[in-house]
Amino acid sequence: MTQPGPNADTHAGSFQGRHIGIGITGGIAAYKVCHLVSQLTQFGAAVDVLMTSNARRFVGEATFQALSARPVLCDPWAGPDPSDPQHIRVARRLELLLIAPASMNTIGRLAHGITEDVVTLTAAGIPPGTIPRILAPSMNAAMWIQPSTQRNLKLLQDDGWLVVPPEEGMQACRTNGPGRLPEPESLLKVISDHLA
Ligand SMILES: Cc1cc2nc3c(=O)[nH]c(=O)nc-3n(C[C@H](O)[C@H](O)[C@H](O)COP(=O)(O)O)c2cc1C
């Protein structure tokens, strides 16, 4: 497990006993979220990790299971009890949901009410206006400036989603531009600010 970062004292206490959902989708920045989940868990949060099938092409569910010390939800149909769907059970206990990295594809699904994976389905189980629902988009600069991406994010903001803007810089595809997922320490601060 990774060690708490230099600003650990800032966060100590904010997360103790809090129930946080982290939705991970198919973006190259999924690796950064390992550190985020590790830190939240070390600060005492109960972290429910939700992964799309494409997220698992980038980081395996075993990594998040070990870092969160909890089961990882990947398949909405795989619950142990059909009378108590696990995505609804998780949605009900969350105090905040962060989707990071939020892929262009998942943003499109969320904006249009398409819920064929555990991340969008769990998000749909949260009544609007009850808890903070936060998106941290991350993608190649060309994908970021697509009108469809910007249009879908505007729709989601109008629906009450908070959007953490991506950072500019060198990307995995070796272009310079907007689309980088903020570092785990910045995402911790976003979560802490919105849990308060
Ligand atoms: C190597 C590789 C890296 C990718 N990185 C990203 C990315 O950073 N952001 C993104 O939006 N899509 C990225 N994609 C495309 C998504 O993985 C693809 O759209 C996928 O359908 C997303 O599925 P999901 O939203 O259900 O997780 C990448 C694809 C590949 C092959």
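Strand β6 (residues 167-170) and strand β7 (residues 176-180) pair in the antiparallel sense over four bridges; two strands count as paired if DSSP finds at least two bridges between them. Helices (H or I, at least four residues) and strands (E, at least two) are DSSP runs, numbered from the N terminus. The model is predicted, so that local features need pLDDT of at least 70 and side-chain atom pairs count only at pLDDT 80 or more, while totals for chains, interfaces and linings use all residues. Residues are numbered from 1 along each chain as its sequence is written, and side-chain values use heavy atoms, with hydrogens and water left out.

Five residues lie between the two strands, and R174 takes a positive phi near 65° in the hairpin.

An open sheet of five strands runs in the order β2-β1-β3-β4-β5, with parallel pairing. Because β2 and β5 (162-163) stand at the edges with a single partner strand each, one side of each is left without a neighbour in the sheet. Elsewhere in the sheet, strand β3 (residues 96-102) pairs with strand β4 (residues 133-137) in the parallel sense over four bridges. There, A102 has P137 of β4 as its bridge partner. Helix α3 packs on the sheet and touches β1 and β2, and its direction makes about 170° with that of β2. Contact here means heavy atoms within 4.5 Å.

The helices also pack on one another. Two packed helices are described by the angle between their axes and the distance between the axes. Axes are lines fitted to C-alpha atoms, for helices over the stretch in contact, and angles run from 0 to 180 degrees between N-to-C directions. Helix α2 (residues 30-42) and helix α3 (residues 61-68) pack at an angle of about 20°, with their axes 8 Å apart. α2 is therefore roughly parallel to α3; angles under 35 degrees count as roughly parallel, over 145 as roughly antiparallel, 65 to 115 as roughly perpendicular and the rest as oblique. On the α2 side the contact is made by A30, V33, C34, V37, S38 and T41, and on the α3 side by T63, F64, L67 and S68.

α2 also meets helix α9 (residues 184-195): the two axes come within 9 Å and cross at roughly 50°. The two helices are therefore oblique to each other. In this contact K32, H35, L36, Q39 and L40 of α2 meet P184, E185, L187, L188 and I191 of α9.

A search of the whole structure finds one aromatic pair. The rings of F15 and F43 have their centres 5.9 Å apart and their planes at 20°, so the pair is stacked. Rings of Phe, Tyr and Trp (its six-membered ring) pair if their centres lie within 6.5 Å; planes under 30 degrees apart count as stacked, over 60 as edge-to-face and the rest as tilted. F15 lies in the loop between α1 (8-11) and β1 (19-24), and F43 in the loop between α2 and β2 (46-51), so that the pair links distant parts of the chain, 28 residues apart.
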